[in-house]
Structures are given as structure tokens and as C-alpha cells.
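Me: Can you walk me through the packing in this one? I'd like to start with the aromatics and then move on to the helices.

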Amino acid sequence: METVCFIASGTGRSRRESPRMSPSVLRKDGFLSFQTSKYRLHYYETPSGLKFVMNTDLSVSNARETLQHIYSNLYVEYIVKNPVCVLGHNLDSELFSSRLDAFIRALPYYSPRAA
């Protein structure tokens, strides 16, 4: 399965859970991941409310460190510290996109989707 990463900002939070969907990992840190029969969704939220979501195959049990690395070493470096990027708007940084792509492709659990 192809690894996919999403970044979202916003403060709208809903703690209501669907009865058919329950988190597979719920700790003191809150919701970390959700598993279906085909993929696992990993979730990381920064203290400021920025949300990082990544889909992987089921073999990846925990991607929290990966998402924290994306936040602290890529997002902060190439978006937050970039005076041209406006926070709260679409991410429009080719440097960030290329570094994120290279980082994801270097992960041991990354494999491109078969055509």
C-alpha cells in the first residue's frame, strides 16, 4: 500500500465516535491510530492544533515518531520558518513537498502502489 500523509489545521474538534469506528490504539496521548481490514490510519496532533494524518498498510503498528519528525523537522523548518508561506493557507512550498516526499520514500515501510 502506498503511504499517504495529510496535514490539516483548525480548531474544530469532535470527540463523538461512530459506533462502527473505534480507535485501535487509545492511550493517555489520545487517539493515535485506527485500523480497518485494509489499512491503518495514524494521527498526530500538535499542541497548537495542527493535525498530521498518515495512511499505511497494517504492518505499521505505530507511526507517531514519523509524524512527529514530519512536524518538527520538515513542517517547522520549511513552512513555519519560511517567510513566504502564510500559515493557515494552502501549503505551497516545493521544497517542503520534495523533502516530505523524499522522507516518506525512505521509510522502511514505504512501497509505491502497484499499477
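**Aromatics, core and helices**

Reply: Phenylalanine 52 counts as buried, at 0% relative accessibility; buried means under 20% relative accessible area, exposed over 50% and partly exposed in between, with a 1.4 Å probe and protein chains only. This is a predicted model, in which local features need pLDDT of at least 70 and side-chain atom pairs count only at pLDDT 80 or more, while totals for chains, interfaces and linings use all residues. Residues are numbered from 1 along each chain as its sequence is written, and side-chain values use heavy atoms, with hydrogens and water left out.

Me: How many aromatic pairs are there in the whole structure?

Reply: Seven. Rings of Phe, Tyr and Trp (its six-membered ring) pair if their centres lie within 6.5 Å; planes under 30 degrees apart count as stacked, over 60 as edge-to-face and the rest as tilted.

Me: How are the rings of tyrosine 44 and phenylalanine 52 arranged?

Reply: Their centres are 6.3 Å apart and their planes at 40°, so the pair is tilted. Tyrosine 44 is buried, at 10% relative accessible area.

Me: And what about tyrosine 71 and tyrosine 75?

Reply: That pair is stacked, because the planes are at 25°, with ring centres 6.1 Å apart. Helices (H or I, at least four residues) and strands (E, at least two) are DSSP runs, numbered from the N terminus.

Me: Is tyrosine 71 buried or partly exposed?

Reply: Tyrosine 71 is partly exposed at 22% relative accessibility, whereas tyrosine 75 is buried at 8%.

Me: Switching to the core: which residues touch the most other members?

Reply: Phe52, Ile70, Phe96 and Ile104, out of 19 residues in the largest nonpolar core. Such a core is a set of buried Ala, Val, Leu, Ile, Met, Phe, Trp, Tyr and Cys residues joined through side-chain atoms within 4.5 Å. Strand S5 (51-56), helix H1 (64-80) and helix H2 (94-106) each supply at least two residues, and H1 gives the largest share, six.

Me: Where is isoleucine 70?

Reply: In helix H1. Isoleucine 70 is buried, with a relative accessible area of 0%. Between isoleucine 70 and leucine 100 there are 7.3 Å, C-alpha to C-alpha, though they are 30 residues apart in sequence.

Me: Which residues of H2 are buried?

Reply: Phe96, Leu100 and Ile104. They line one face of H2, because they fall within an arc of 60° seen down its axis, taken from the directions from the helix axis to the C-beta atoms. The face turned away from the buried side of H2 carries the exposed residues Glu94 and Ala106.
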